[in-house]
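Please keep the sequence and the three-dimensional view at hand while reading.

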Amino acid sequence: MTNNTPSVNKLPEYAWLSVPVIAFAGIVIGIILPVNILSGSVGVWGCIISSFILCGIALLKPKRDLVSLLVPLFAIIIFNPWSEFTTGPIMQILFAATITIIAVRLEKNYS
């Protein structure tokens, strides 16, 4: 007798696509509509939210990836309002591209 109930830890096949979609959508919205939300731009919040989603996806994988688990820490360090980094569109695009590569790596190597 088999148990066919779905597992809570089961992810959709293309869950990793939410990471670049949210990050780049936040950047595009931040460029088109320059609105500040909670003393930060929409692009910064898109990158931070997508980094936490990537960490959640990494937690639900059968094998853990340390880089993917630490991405939210990197996002908070980079996009800290008191840091010396500029958090303009170029930094946001570079961070979004980086977490996209990490998400693809997570999907290919740790599934």
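## Phenylalanine 79 and its surroundings

Leaving aside its neighbours within four places in sequence, phenylalanine 79 is in contact with Val44, Cys47, Ile48, Thr87, Met91, Gln92 and Phe95. The model is a predicted one, and in it phenylalanine 79 lies in the loop between α3 and α4. Although it belongs to a loop, phenylalanine 79 counts as buried, because its relative accessibility is 7% and the cut-off for buried is under 20%. One of its contacts, methionine 91, is 12 residues away from phenylalanine 79 in sequence, and the two C-alpha atoms are 9.1 Å apart in space.

## The chain as a whole

The protein chain holds four helices and zero strands, and its elements follow the order α-α-α-α from the N terminus on. Of the 111 residues in the protein chain, 33% are buried. The accessible surface amounts to about 7300 Å², and carbon and sulfur atoms account for 71% of that surface. When contacts between residues at least 6 apart in sequence are considered, 68% of them join residues at least 24 apart.

## How the helices pack

| Helix pair | Angle | Axis distance |
|---|---|---|
| α1 and α2 | about 175 degrees | 7 Å apart |
| α1 and α4 | roughly 170 degrees | within 9 Å |
| α3 and α4 | roughly 170 degrees | within 11 Å |

The axes of α1 and α2 meet at an angle of about 175 degrees, and these two helices are therefore roughly antiparallel to each other. On the α1 side their contact is made by Ser18, Val19, Ile22, Ala23, Gly26, Ile27, Ile29 and Gly30, while α2 contributes Val42, Gly43, Gly46, Cys47, Ile49, Ser50, Ile53, Leu54 and Ile57. Sorted by class, this contact of α1 with α2 comprises 11 nonpolar and six polar residues, with no charged residues.

For α1 and α4, the axes cross at roughly 170 degrees, which makes α1 roughly antiparallel to α4. The residues that form this contact include Phe24 and Ile31 of α1, together with Gln92, Ile99 and Thr100 of α4. The contact of α1 with α4 divides into 12 nonpolar, two polar and no charged residues.

The axes of α3 (residues 66–78) and α4 (residues 89–109) likewise cross at roughly 170 degrees, so α3 is roughly antiparallel to α4. Here the contact is made by Val67, Ser68, Val71, Ala75 and Ile78 of α3 and by Met91, Phe95, Ile99, Ile102, Arg105 and Leu106 of α4. By class, the contact of α3 with α4 has nine nonpolar residues, one polar and one charged.

## The core and a buried serine

The largest nonpolar core has 22 residues, and those with the most contacts inside it are Leu54, Phe79, Phe95 and Ile99. Each of α1 (18–32), α2 (42–60), α3 and α4 supplies at least two residues of this core. Phenylalanine 95 touches Cys47, Ser51, Val71, Ala75, Ile78 and Phe79, when residues up to four places away in sequence are not counted.

How exposed or buried is serine 68? Serine 68, which is found in helix α3, counts as buried because its relative accessibility is 0%. Beyond its neighbours within four places in sequence, serine 68 is in contact with Leu54, Cys55, Ala58, Ile102 and Leu106.

Methods: Residues are numbered from 1 along each chain as its sequence is written. This is a predicted model: local features need pLDDT of at least 70, side-chain atom pairs count only at pLDDT 80 or more; totals for chains, interfaces and linings use all residues. Side-chain values use heavy atoms; hydrogens and water are left out. Axes are lines fitted to C-alpha atoms, for helices over the stretch in contact, and angles run from 0 to 180 degrees between N-to-C directions. Angles under 35 degrees count as roughly parallel, over 145 as roughly antiparallel, 65 to 115 as roughly perpendicular and the rest as oblique. Contact means heavy atoms within 4.5 Å. Ala, Val, Leu, Ile, Met, Phe, Trp, Tyr, Cys and Pro count as nonpolar, Asp, Glu, Lys and Arg as charged, and the others, Gly among them, as polar. Buried means under 20% relative accessible area, exposed over 50%, partly exposed in between (1.4 Å probe, protein chains only). Accessible areas come from the Shrake-Rupley method with a 1.4 Å probe; for residues, only the protein chains shown count as cover. A nonpolar core is a set of buried Ala, Val, Leu, Ile, Met, Phe, Trp, Tyr and Cys residues joined through side-chain atoms within 4.5 Å.
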